[in-house]
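I set down here, in order, what I looked up in this model. Each entry covers one topic.

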Amino acid sequence: MTKRLMGMLALLCLAGLRCAVQQPVVVETPKVIPKIPVGVDARTAQIADSIFSQVAVDYAMSNQAFDKFDEAQQIEDLADSLWRYGQRQLLTDQDSLAVLRQMSQAERYLERRPEAYQQIRKLIKKVGRLDPGVRIEVSKQLMMLAAEDFEGAIRSDRFYIPYRQQYCKFLQKVAERLSDRSYLDRAAEQMERVVFAIKGQHVLFANLAEIYFKLGDWNNAYNNYEAAKNALIRSAIFSIPNPQPYFSRLAEVPVDTNRVVAYLNWQAICKTKLYDAQPALALYRQAQRMTPDAELKQRFQERIDWILWDDGNIRASEIREKADSLRIMAKDYPAAKKIYLESLLPILWTKRTKDEINWRIALIDFVQLGNKAEGVQRLYYVVKYSAVDSLTGAPLDSNYVRYFNDYGKMCFNLGNEYYQKDKLIAYIYFQQAAMVNYNERGKAFLRLAQISEFDPRETIELCQKTIRYADALDESEKLILYKVMHNAYRKLGDFKNARFWFDKFSGF
Amino acid sequence: MGNGDPCTIGSAKRPKGEEKMIRKIFLIIWLSLWGGVMGAMAQAIGSPPQEQAALAKIDTTMWKYLEASDRAQWNISRADSENAIRNHFLPGYNDFKTVTGIYERIGKKETTLAQEAATLIRLLEQAKDHFESGLKIDPFNNYLRVAVTSTYSYLEKLYASQNEPIKRLQILLNLLRLRKEPKEVVYLNNNIGLIYRQFEMWELAKACFQRAIDAILSVEDAPVDTLRLFENLYLRGDAQFHLYEAEPALTSFTYARMIAPNQTYYQQLTARIDFINWDDGNIRAAEKFNEAKGLYNNKKYDEAELAYLELLGMVTTERATNEANLALARMQFYQMNKKEDAIERLWNIVSKYPLDLDTGKPIDKVHEELWKEYSQMCVFMGVKYFNSDKKSSFTYFLKASQIEGPLRGQALLNLARASIQNPQICLSFCLRALNYQDRLDPEEKKYLYQTIYQAYLQQGDFDQALIWFKKFHELAS
């Protein structure tokens, strides 16, 4: 008995030992053996397989890719339609019917994404099929599904460029709808692969540039527009029907000018975004020269002017634009003033733009915010330090005329304000206004003449100055002038002249 | 050379001593003719039964009388001699005289001779019977011997003109017992041989031509008649050929070729030699090959295929095996639409012979044709699969591109065409195809240039693209 037990024990030990030394089962991954066509050696088949995988796919894969792509487009159309319906109310029964039909179609597709499908089902249960939120949600899920199909098509045939192009357009649309930049990143990655393989098609570079542009990657956008432009110009000869005459005159090869101008424009915008004024200007000027369209020429000129506002200080132009927008559109004067004052003024390069912005602030202060003293004071310095004609006192830079005018008006208005309260201060403001060469200078002289009525000689002198700038006077002011002259002469006992001005006054 | 003739399949009886002698002669002939009587018998058995039966009727009874040489062995009395003259020679002579009279009358007019042939034959046969009866009584009677010889000669010619080969053979065989002059021996053996040849009794024919050759060469005091020698050598070779005796046949043909009277014969003999040498003397295989080719020429492809397959079971040498396989593969590929079978067959052969990877040529020049044909088939296979199985098509073109052949450029061009989506690889094929552009037709060349400029264009190398674009337009114009 003991022997038998010992024997069994020995057997068990042996079995255990065998188990212990047994090699682990190695599951070999099957090597991919290429199909060897009859009458060819395996080595050649292997090499062919390796090269072929770098140049094309077989018909089966190509067909599979086409089917996927086709389905992706159908789903995309459905998603688009539901998205559009999601953006508005369903006005008619036909709309509702169409939505219901599309929803049931969409649900069939969404069965492929069980989790999403379950959520949609729950949502539908809660708010009903016709709820705009449901439409949007279904559209989103369909877009995800379409993306999967597009990627499937590309995986099946990675050589067929139109699949990637279409997918990139789709991704851009999704990025815009979902406000998700990651889709743009994916699109850029796809198109990078395309242009890595094919460098001769301007459209592909332009597609990529557009994506980078949307991403705000201005350098890459610029470079790809440059590549697109280059490819467009240099490949032009290859697509004209009778190219031989141009072989010796390559510069004369007809090019799609509209496209070149468009690429130049986008490049200029990129350079503007990069605050690189000189290249941007050069590009706009080139585009301006190339385009035959007068309207476009004008638009490019506006862009050039915009850049040159502060001698190429693009940031300043941008800030100014932002502040102008607040001032004009939003009428938010304090905010506008804050930007002008705090963001813009410190960065301006030129005196001209500084004066302009000071003028703007002065106007806001004086007119909109009621800080008249501050306003007039600011403008005073602008006018004071402006270059003027030594004889006439008029600004040498025609842009300054408006500052002079506004300053003169401000002083005049302040003079008027103080006229009843404090004649002296009023007199000083009128005096100040009269000293400035501005378009309503005559009014200031008139007011001065009125204040100086106790001194007829002075009054006559001031009136004569007023007459010199009489264009600015309206009818009532002219009457006052005649009256003041008449009084002054009468006071001096010069009745002849007094009579003359009286007649003028009466005749008026 | 002995007097014996292998044509002893008749039932003639001979004296015992003679029989021994004949056996000896047979043995000598046996050895000298590199062949066996068994072969001849087999050949004889192989000939049509009607002719065999006719040949079996050859009467050899006269031969012992015609060949009689030792008078002492024969017991002939004076009365017998007189009897032979009176009762046999004279009646026969009368008939013979009538014949000579007719001949004198008609002269050399062939047409009249043909009209009189039946009469002449009848008279000569009567004369022959008389003379032969006389000779049976007295074989040594000179009158009878001369008379029978002349009669045989007339009859032989008449039977020749009347196309009676069996009867003529009988006469010729009898004459052979009478005439011993080398020239006559040559003539007789040659003609007997030709009749045996006519009935495809090759062993017997071969022996006759051999005897004729021996007789030609036995003349010592006169120059050798090379024309006769050539003829008999050729005929001996032909008989040996039909007996599938390759080595002897080659010897005969080689000697004959050395003295061929003109270029035509020389070429014919060269062709025969090549034929025998096709499978190193395996004549049956060579014949089968010819048969298969004949069937192919008659567009009986299924039968030709069977013949080729049978042939492949027969051939012994590598060269012949290759040639047969090549012919079969070509037929299967181009005529029978069995392209896969054909290319596999050819691949199984060419794969044994390595290629020089630099030149794409087989290391042994002998195999160039095989490789060339294989490479062409690869191109055609590539084209066949281009619209259904791109990868297989690509593989075939790639294989063809590795081999130096007339379609190498086309193979590379097709590879480029298939690779257009990868400009770098496409260009590498294009630039290789340029080395073979002289093998491309104008359209293909244009297509090559177009592919090159498109590939450069895709690569964004506009300068190079323009260069090739210009070249493309130069070609186009």
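**Conventions.** I work with a predicted model, in which local features need pLDDT of at least 70 and side-chain atom pairs count only at pLDDT 80 or more, while totals for chains, interfaces and linings use all residues. Residues are numbered from 1 along each chain as its sequence is written, and chains are lettered from A and ligands numbered from 1 in the order in which they are written.

**Contact between the chains.** I find 29 residues from chain A and 30 residues from chain B in the contact. On the side of chain A that touches chain B, helix H2 (42-55) and helix H10 (218-234) of chain A are the elements that give two or more residues. The largest share, 9 residues, comes from H2(A). Helices (H or I, at least four residues) and strands (E, at least two) are DSSP runs, numbered from the N terminus. By class, this side of chain A has 18 nonpolar, 6 polar and 5 charged residues. Here Ala, Val, Leu, Ile, Met, Phe, Trp, Tyr, Cys and Pro count as nonpolar, Asp, Glu, Lys and Arg as charged, and the others, Gly among them, as polar.

**Chain B overall.** I note 23 helices and 0 strands in chain B. Of its 477 residues, 42% count as buried. A residue is buried if 20 or more other C-beta atoms lie within 10 Å of its own, exposed if 12 or fewer, and partly exposed in between, with C-beta atoms placed from the backbone. Among the contacts in chain B with a separation of 6 or more, 57% join residues 24 or more positions apart.

**Nonpolar cores.** A nonpolar core is a set of buried Ala, Val, Leu, Ile, Met, Phe, Trp, Tyr and Cys residues joined through C-beta atoms within 7 Å. Which residues touch the most other members of the largest nonpolar core? I find B:Ile192, B:Leu415, B:Cys430, B:Ile452 and B:Tyr453, in a core of 130 residues. Helix H10 (residues 202-218) of chain B gives the most to this core, with 10 residues. Another core, of 65 residues, lies apart from it and has A:Ala187, A:Leu232, A:Ala268 and A:Ile307 among its members. Returning to B:Tyr453, I find it in contact with B:Ala465, B:Trp468, B:Phe469 and B:Phe472, leaving aside neighbours within four places in sequence.

**Helix H20 of chain B.** I find helix H20 (residues 408-418) of chain B mostly covered, with 10 of its 11 residues buried. The buried residues include B:Arg408, B:Gln410 and B:Asn414, as well as B:Leu415. They pack against H2 of chain A together with helix H18 (368-385), helix H19 (390-401), helix H21 (423-434) and helix H22 (442-459) of chain B.

**A helix pair in chain B.** The axes of helix H7 (residues 142-161) and helix H8 (residues 165-178) of chain B come within 9 Å and cross at roughly 150°. Axes are lines fitted to C-alpha atoms, for helices over the stretch in contact, and angles run from 0 to 180 degrees between N-to-C directions. By class, the contact of H7(B) with H8(B) has 8 nonpolar, 2 polar and 4 charged residues.

**Positive phi.** Phi of A:Ser179, a residue other than glycine, is positive, near 50°. A:Ser179 lies in the loop between helix H7 (161-178) and helix H8 (181-197) of chain A. A:Ser179 is exposed because it has 7 other C-beta atoms within 10 Å. B:Tyr244, also not a glycine, has a positive phi of about 60°. B:Tyr244 lies in the loop between helix H11 (226-242) and helix H12 (246-258) of chain B. B:Tyr244 has 15 C-beta neighbours inside 10 Å and therefore counts as partly exposed.

How values were computed:
Two residues are in contact if their C-beta atoms, placed from the backbone, lie within 7 Å.
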